[in-house]
Amino acid sequence: MPTVLLFLFLVAAAEADQLRFASVRDWRDWQVPMGAVKIAPTGAIQPMRIQKGVDAVLDATALGGGIRRAGSNPRDANALLDGNPATGWAPSPDDDPDDWFVEIDLGRSVSAHSIALIFAADAPPFELFDLLLSSGEPQLDQVANPIEGSLIYRIKERFKENARHRVAFAPGDALYLTPIRYLQIRNLKHVPDAQLVAVEVESIGDNLTLNLIERGGTIDIVIDAFVRAEEVTLGNALNLVDGSIFNRWRNGREPRNTYNTWSHITIDLGAVYPVDFVRLITGIAIRGGFGEHLLRTRAGASGPRSFSYKNYEVLTSDGTIAPDGTRRWTRHFAGYPDSENHRAGLADHQFPTLPARYVRIAWLVWDATCAATVPDAAASWGCRASGSAEEIQVYGEGYPLAVRLRSPLIDLGNGKNLNSIEWQAQTPLGTHIEIRSRTGNEVVEQYTFYDKNGKKVTQRRYDKLIPSFKGRIDTTRIPGAAWSPWSNIYSASGAAFQSPSPRRFMELDVRLVSDSPTQAPHFDWLAVNFSDPLASEVIGEVFPLQVAPGQETLFSYFLRPAITQDGFDQIAIEATTAPRFDAALVDGEPVEVTTEVLDQGFRATFPRRIRSRQLVELRFTAPIYLQATRFDAFLEDSQKAQIRQLVDPGDAAPQVESSSNVVRLPVANQLFADLSFSPALITPNGDGINDQLLVSFDLINVLSARPLHLRLYDLSGRPLFAQERDGQAGHITWPWDGRDQYGQRVPPGLYIAELHIAGDAGDRNVRRIVAVAY
């Protein structure tokens, strides 16, 4: 799908300096998985609940169906679909009785449990009538070609002497195992004032593969999992999810490899849903060909059918990536079909509800072991499983668990300083919103070439095709060089914008996340506050670039703005450590500044505004506990609240070799630095002298909180004391007062003190001997 460039002036809100997305029109150019969410008239993004046991008639019109034909009173026929029990349809007694019928198109093949006909409550019902059901199979002419516009109704039921106002039809497997698309109700006896007011078709539920592309999903078929060149074109693959069992995907390829060859059908649902059921339909529809037509006609609605898989698997994934970079899959079935699958032409796979974004059918398309033991002519039949299929249906129940909205590439014109981001959302307990951003200055065009059949080809291959064999060329605009990575998740509405600016282009990413399918967040609006930049370009660098872990180090941060309009008078330095201000210099001369301590650093306010090309140096002290600790500098203005401009790393000062704002530690596996167990002899007698052991250390390169344990053992290894706390990079002190885990003083003697942590790259243990005396 080509990427849209959204220009700032097209969507800027009436209030100056704010880009706001708050209406149906504002969201128009975003990638929004419709069906997973809907856009309310107010502009709010609302996740849609998927359901089981839904009435397939209710959305027939939305899916391209509706009233197919009505032989009598056609103007009244739509009343069957309006949900109003006060309106209905009945044939006119003046019309030919052969025309006393109405026909409904459900808009897709529906796997149904039951059908109900509802008649007006204030009049007698139809007394004698037929219900006819069709999967969409056409009639064939004498040479077995489909007759356009015709239908064969293989499921028929006549209702006689009916006095019920609600007539249910639930014949069991005859209906459940035959997806239907068309219903015909044919009245056979005139009953004055009788009206059919509604038709209900209880389906399995909302099929998540319907309208797959509109939902933000796609489908991928690979014939040989080891050879990606064996991909099937998207147009052909979509036959599996188009809602029609007559548009079959047929695999005519026969790998004949020397190795067992597996094929994959992978469906991306476009969002993470609570999924518990997959229906795989391979051989139900009756198609052209006199032999097949004759066999099916003799066998009736239920056969003969076929199942085109032998050894196959059904898997789902929520999209989580394993350490090796591949997607994590949960296998729900692995094995061979049974006789019931062959009889029905389909297989149902029910499993406990779990989050799923991807559904995969994997099958052994070529059994090389089998082929080595049978004659060549027999191998095609006995050692190959084509995997040809008619439809793959996926069901679940509840709200989507994760939905992603992605903005187009937003053109900010000459480049704006992005100050903060705001939004409004309804987030019930267990739900939340994740927002990220990225920015850059370049956009490049990427071309995708297709042949006349819609198959993706290389440009070189495309150029060699004759004009009649060439297909379309898609142009996609993508981020070019030097775009920032996606930012961290914004913590709260009003947070400072994290991606570098000023920049020409911006892209936003929003995820609506829920822990439970019973509830979902609603996203009302999103806004980015911007202003003209304080400096058209400003670069900065920190020095030194490598330091010893945990030691207080004096740093210098140099920055130089290229061009400023009115200048600026404030600079903030922030980092994951705690920088403490020491001194400020402008063009090498000391300057008296006022400072303010921030949560993650400090802010310096200068007595005079910083102008174009002036070199500013801020000196500060900080210990470093994490590899690749980044020091961010922000330009601010005391006269313009809420305006912050992030400084880009670069060569600001010729006297230092840095051009970076990232400080590194020497490469090592250690997690503990400057470790001490002091004193080596403790006397816990309450006199205030050496009453406790103090374990002091710097915890290095522990990115997130990990369990940290302090344990004491006697010399035989018997545990006496254990305490746990969460440990994260930084300086830690931990006392032990000479008591065991029951609060009793330990006897005098020698003990083993152990410090243990489960780190990101493995566990670490340190042990020391500690003496206790009284």
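Ile67 has Ile104, in β6, as its bridge partner. The model is predicted, so local features need pLDDT of at least 70 and side-chain atom pairs count only at pLDDT 80 or more, while totals for chains, interfaces and linings use all residues. Residues are numbered from 1 along each chain as its sequence is written, and side-chain values use heavy atoms, with hydrogens and water left out.

β5 and β6 (residues 101–110) run antiparallel and are joined by four bridges. Two strands pair if DSSP finds at least two bridges between them. A strand is a DSSP run of E with at least two residues, numbered from the N terminus.

The pair belongs to an open sheet of five strands, in the order β5-β6-β11-β8-β9, with antiparallel pairing. β5 (66–70) and β9 (155–159) are at the edges with a single partner strand each, so one side of each has no neighbour in the sheet. From one strand to the next, the twist averages 20°; axes are lines fitted to C-alpha atoms, and angles run from 0 to 180 degrees between N-to-C directions.

Next come the spaces. On a 1 Å grid over the protein atoms alone, a cavity is a set of points where a 1.4 Å probe fits but cannot get out; a pocket is an open set with protein on both sides within 12 Å along at least five of seven lines; lining residues have an atom within 4 Å of a point. Points are joined across faces, edges and corners, and a volume is the space filled by probe spheres set on them.

The second largest pocket holds about 1,100 Å³ of space. Of its 35 lining residues, Asn488, Gln498, Arg630, Asp632 and Leu646 lie nearest its centre. Elements giving two or more residues to this lining are β26 (495–496), β37 (629–630), β38 (632–636), β39 (644–646) and β40 (648–649). The lining has 17 nonpolar, twelve polar and six charged residues. Here Ala, Val, Leu, Ile, Met, Phe, Trp, Tyr, Cys and Pro count as nonpolar, Asp, Glu, Lys and Arg as charged, and the others, Gly among them, as polar.

The whole structure has two cavities of 30 Å³ or more. The second largest cavity has a volume of about 50 Å³, and its lining includes Leu418, Phe497 and Arg644. β21 (409–426) and β39 each give two or more residues to that lining, with β39 giving the most, three.
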